[in-house]
Amino acid sequence: MLVAGAGPAGLLVAAELALAGVEVAVVDAAPRRSSHPRGFTLSARSLELLDRRGLAERFLAEGPVVPYGMFLPGVFLDLSAMDTDHPYTLGIAQNRVEELLEEWLAELGVRVRWGSEVVDFTQDDDGVDVVVGEDCWRVSYLVGCDGSRSTVRKRAGIAFPGVDATSYGLVADVEADFDALATGEVFVLPRPGYVRIVLEEPEPRSGPVELEYVQELLNARLGRVVPLGKPLWLSRFSDAARQAERYVHGRVILAGDAAHVHPPAGAVGVNVALADAMNLGWKLAATVSGRAPAGLLQTYHDERHPVGARVLRTTRAQSLLGREDLAPVRDLVAELNGKQLAELVTGLDTWYDPRIPGDHPLLGRLAPNLPVVVDGRPTTVSELLRPGRPVLLPDLGGVLIRPDGHVAWVADPATLTAALETWTGP
Ligand SMILES: Cc1cc2nc3c(=O)[nH]c(=O)nc-3n(C[C@H](O)[C@H](O)[C@H](O)COP(=O)(O)OP(=O)(O)OC[C@H]3O[C@@H](n4cnc5c(N)ncnc54)[C@H](O)[C@@H]3O)c2cc1C
């Protein structure tokens with residue numbers, strides 16, 4: 001099994017496979033991990049998922065938590081009353097998220113091979129021949145977690161329909177005087193030793209971003225000069241939104257940004273990538289080891305594609321609401337925003353079709369982390385899920401929980417066999 005890309009998606013998929021005892025290799029084209037972060041947040045749902053593997057504490061030790069999420073600059077969502085063990089957003093640099101996941105993966109016996117690029121591949125009924133650098137590897141499955149410009153997606157010929165960009169922006173992480181910039185005219189974020197500045201670009205441009213150009217745009221926006229110092233990271237983004245037509249194509253699978261790109265509004269990319277990985281890992285592990293029920297792997301596409309489509313729609317709406325002429329709509333949303341919006345943006349309302357009859361409110365949802373007693377020992381649902389295996393809890397009135405923590409069956413003896421056959425195999 002080969003995972004292309006050691007970003008958040010690739011690292012967590014690989015860890016899930018390794019946890020299930022599957023032999024997996026992870027390659028990344030970059031010579032090493034970037035020490036500079038793109039994103040800075042983990043959502044309540046990501047922390048819930050990490051908790052299901054006993055990892056949340058490591059991440060929570062890294063940064064502050066705030067009891068709100070950002071819907072738009074200036075429009076915040078109150079998370080304090082959310083139905084979760086983690087009613088907050090964790091501030092943590094993306095490169096630290098990746099380092100912690102890479103450590104977890106190393107504890108499971110897998111080391112990332114940096115400087116190894118997936119160049120091409122061909123698949124047949126039994127496996128995939130993958131060209132990695134100058135070598136050719138034969139693997140059972142290839143998981144493309146190789147980011148928005150995914151070679152795996154392109155070489156698989158998977159269509160990537162969506163909408164082209166209509167607005168363009170720059171991210172500049174530079175040494176600068178935060179107070180002089182924080183006057184409300186531009187989006188600025190204080191960071192240790194530098195400032196993140198986000199600027200609109202009047203027209204699309206390509207190629208590397210020059211500091212002089214950023215300074216020019218900034219001067220024009222401010223109507224005065226605030227000198228920018230040493231640049232740490234300069235990059236472009238747009239509001240383009242695209243989604244792979246299929247996430248599973250024979251023995252080639254996509255996850256994270258390789259499967260979907262969307263406007264950066266809402267800062268959810270890492271979180272969606274982790275949720276893709278958590279949904280995929282156990283299904284792929286069961287498939288490759290021959291114990292999966294028929295069609296299990298396809299449910300990864302069936303469950304995550306609609307979630308991805310919803311992320312595209314929400315982030316596009318967030319992006320559009322940033323427009324000046326839509327200020328009244330933005331104000332209206334700010335007034336109405338409540339639990340439903342917070343659940344949507346954090347992904348806490350994620351529901352997967354349980355594929356059995358039943359209308360129990362827990363079916364398809366992430367199982368709450370309830371205390372339970374097993375063989376006389378007090379424990380919790382999260383603790384029981386740590387080995388990444390399904391959990392059947394007769395004492396809770398009868399609940400079957402999938403390895404990713406979602407509820408597959410509740411209490412109805414007539415549907416237990418069907419649920420087991422659907423999710424765990426006969
Ligand atoms: C400015 C900015 C701010 C952001 N802020 C946030 C935020 O606050 N919160 C949040 O959740 N998200 C945020 N995001 C989004 C987030 O960074 C991405 O969605 C996330 O990194 C996606 O993870 P991934 O694992 O799918 O892909 P990536 O992190 O892009 O990882 C892909 C990996 O694949 C490797 N690779 C590429 N091609 C190949 C190949 N051919 N062979 C082998 N390896 C290859 C790359 O080197 C890379 O390491 C932000 C993004 C930007 C640009």
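**Ground rules.** This is a predicted model, so I kept in mind that local features need pLDDT of at least 70 and side-chain atom pairs count only at pLDDT 80 or more, while totals for chains, interfaces and linings use all residues. Residues are numbered from 1 along each chain as its sequence is written, and side-chain values use heavy atoms, with hydrogens and water left out.

**Overall form.** I looked up the secondary structure, where helices (H or I, at least four residues) and strands (E, at least two) are DSSP runs numbered from the N terminus, and found 13 helices and 26 strands in the protein. The radius of gyration, taken over C-alpha atoms, is 22 Å, close to the 22 Å that the globule rule gives for 426 residues, so the protein is as compact as a globular protein of that length. That rule is 2.2 Å times the number of residues to the power 0.38. Along the principal axes, the C-alpha atoms fill a box of roughly 70 × 55 × 35 Å.

**Around the ligand.** Taking a residue as near when one of its heavy atoms lies within 4 Å, I noted that 31 residues surround the ligand, and that the closest are Asp28, Arg38, Gln94, Asp257 and Val270. By class, this shell has 14 nonpolar, 11 polar and six charged residues; here Ala, Val, Leu, Ile, Met, Phe, Trp, Tyr, Cys and Pro count as nonpolar, Asp, Glu, Lys and Arg as charged, and the others, Gly among them, as polar.

I then asked where the shell comes from: helix 1 (8-19), strand 2 (25-28) and helix 8 (269-288) each supply at least two of its residues, and the largest share, four residues, comes from helix 8. Both domain 1 (2-162 + 242-346) and domain 2 (168-238) give at least three residues to the shell, the bounds coming from an automatic or database domain assignment.

For individual atoms, I found a backbone N or O atom of proline 8 at 3.2 Å from an oxygen atom of the ligand, and a polar side-chain atom of threonine 41 at 3.1 Å from a nitrogen atom of the ligand. A polar side-chain atom of glutamine 94 lies 2.7 Å from an oxygen atom of the ligand. Taken alone, the ligand exposes 1000 Å², and the protein buries 85% of that, with areas from the Shrake-Rupley method and a 1.4 Å probe.

**Two residues with positive phi.** Most residues other than glycine have a negative phi. Alanine 267, although not a glycine, has a positive phi of about 50 degrees; I located it in the loop between strand 21 (260-261) and helix 8, where alanine 267 is partly exposed at a relative accessible area of 45%. Arginine 355, also not a glycine, has a positive phi of about 65 degrees, lies in the loop between helix 11 (339-346) and strand 22 (371-374), and is partly exposed at 39%.

**A separation along the chain.** Last, I checked alanine 44, which is found in helix 2 (residues 44-51) and is buried, with a relative accessible area of 2%. Its C-alpha atom and that of glycine 347, 303 residues apart along the chain, are separated by 8.1 Å.

Definitions and conventions:
A polar contact is a pair of N or O atoms within 3.5 Å; within protein, one must be able to donate a hydrogen and the other to accept it, and residues adjacent in sequence count only if both atoms are side-chain atoms. Buried means under 20% relative accessible area, exposed over 50%, partly exposed in between (1.4 Å probe, protein chains only).
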